[in-house]
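Dear colleague,

Please read them with the model open beside you.

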Amino acid sequence: MAAFNHIFHDLSEAPDLPSPWETPQWVSYINYYAGKLSRVTMADRARELARVIRFGNGLPRTMSPLKELVQRNHGAPILDVGGGFGDNFILLRKLLGDTPYTVVDGAESCRIGMQLLGDRVRFQTDMPTEGQYGLSILIGTLQYILDSTPFISALSGLSSDTIFVSRSPLRRTGDDFYSVQEIKAHGQADSAGKCVVRIRGVANLVGDFARGGFDLVEMKEVLSYRDQMSALPEEYRDCAYFNMTFRKSR
Ligand SMILES: C[S@@+](CC[C@H](N)C(=O)[O-])C[C@H]1O[C@@H](n2cnc3c(N)ncnc32)[C@H](O)[C@@H]1O
């Protein structure tokens with residue numbers, strides 16, 4: 001379980017830490033996870049069936065709204081920021097057909113993604129500077145993008161209809177704060193290092209999207225983060241993962 005022990009109100013107070021996303025520990029995890037996603041065993045099928053029964057459509061809770069969003073998107077290009085080696089793409093693959101799909105992530109994730117998926121997915125380490133994406137996805141990534149206000153402005157400019165945000169701890173009320181997270185991949189003993197995260201206040205996040213021309217049309221809490229925040233003063237603990245769908249204002 002991720003645990004947060006620090007609070008910084010300004011990024012200048014936070015330590016300058018090297019990125020954990022290119023370390024041997026993280027690369028070893030993504031190689032392992034990529035192998036697991038591409039070699040489906042009978043045990044995996046049984047687990048998948050249990051997941052279908054629990055969450056519907058075989059997609060975990062943070063992914064399940066995407067089925068409907070992919071259908072609404074009607075094959076327009078998709079942009080997946082922090083999309084790893086294409087893990088979200090692989091989970092959505094059956095629904096996507098030939099939909100153009102672009103992943104923005106670090107060099108190692110892109111390298112492994114290209115090995116696994118060839119040119120079916122476009123992998124790049126920088127945000128596109130042009131183009132229009134019918135559906136933009138930000139899963140498990142927003143907290144690591146520290147300059148998130150200009151980032152959201154750029155993402156909004158590239159998005160023509162829907163932006164889906166999920167699996168990032170957000171503070172239900174109050175201002176943003178920064179903390180430090182130890183990055184330990186699920187089921188792995190070794191730490192990939194620590195990194196500074198920005199926990200956005202919900203109202204601030206919604207305000208950034210509104211300034212980019214996007215309205216919040218759906219928001220659902222999927223996981224309380226109160227336990228992970230239990231070392232922080234009480235007023236900072238009210239955090240959770242939400243599935244949030246933003247739609248371009250008409
Ligand atoms: C916790 S992983 C999420 C991976 C996967 N998409 C998922 O849903 O589990 C966070 C991902 O965000 C990426 N990331 C971190 N900072 C980023 C940034 N500024 N721009 C794009 N991706 C970033 C990392 O490389 C990593 O792949």
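**Helix packing and a pocket**

The model is a predicted one, in which local features need pLDDT of at least 70 and side-chain atom pairs count only at pLDDT 80 or more, while totals for chains, interfaces and linings use all residues. Residues are numbered from 1 along each chain as its sequence is written, and side-chain values use heavy atoms, with hydrogens and water left out.

Two packed helices are described by the angle between their axes and the distance between the axes. For α1 (residues 24-38) and α5 (residues 107-117) the angle is about 25° and the axes are 10 Å apart, where axes are lines fitted to C-alpha atoms, for helices over the stretch in contact, and angles run from 0 to 180 degrees between N-to-C directions. Helices (H or I, at least four residues) and strands (E, at least two) are DSSP runs, numbered from the N terminus. In contact, meaning heavy atoms within 4.5 Å, Val27, Ile30, Asn31, Ala34 and Ser38 of α1 meet Glu108, Ser109, Arg111, Ile112 and Leu116 of α5. This contact of α1 with α5 divides into 5 nonpolar, 3 polar and 2 charged residues, with Ala, Val, Leu, Ile, Met, Phe, Trp, Tyr, Cys and Pro counted as nonpolar, Asp, Glu, Lys and Arg as charged, and the others, Gly among them, as polar.

Helices α6 (residues 148-158) and α7 (residues 202-211) pack at about 40° with their axes 8 Å apart, and they are therefore oblique to each other. On the α6 side Ser148, Thr149, Ile152 and Ser156 take part, and they meet Leu205, Asp208 and Phe209 in α7.

The axes of α3 and α4 (residues 87-96) come within 10 Å and cross at roughly 45°, so that this pair is also oblique. Here Leu66, Lys67 and Val70 in α3 meet Leu92, Leu95 and Leu96 in α4, a contact with 5 nonpolar, no polar and 1 charged residues.

Helix α3 also bears on the second largest pocket, whose lining takes two or more residues from each of α3 (65-73), β9 (214-224) and β10 (239-248). A pocket, on a 1 Å grid over the protein atoms alone, is an open set of points where a 1.4 Å probe fits, with protein on both sides within 12 Å along at least five of seven lines, and lining residues have an atom within 4 Å of a point. Of the 18 lining residues, Ser64, Pro65, Glu68, Glu218 and Thr245 lie nearest the centre.

How values were computed
Angles under 35 degrees count as roughly parallel, over 145 as roughly antiparallel, 65 to 115 as roughly perpendicular and the rest as oblique.
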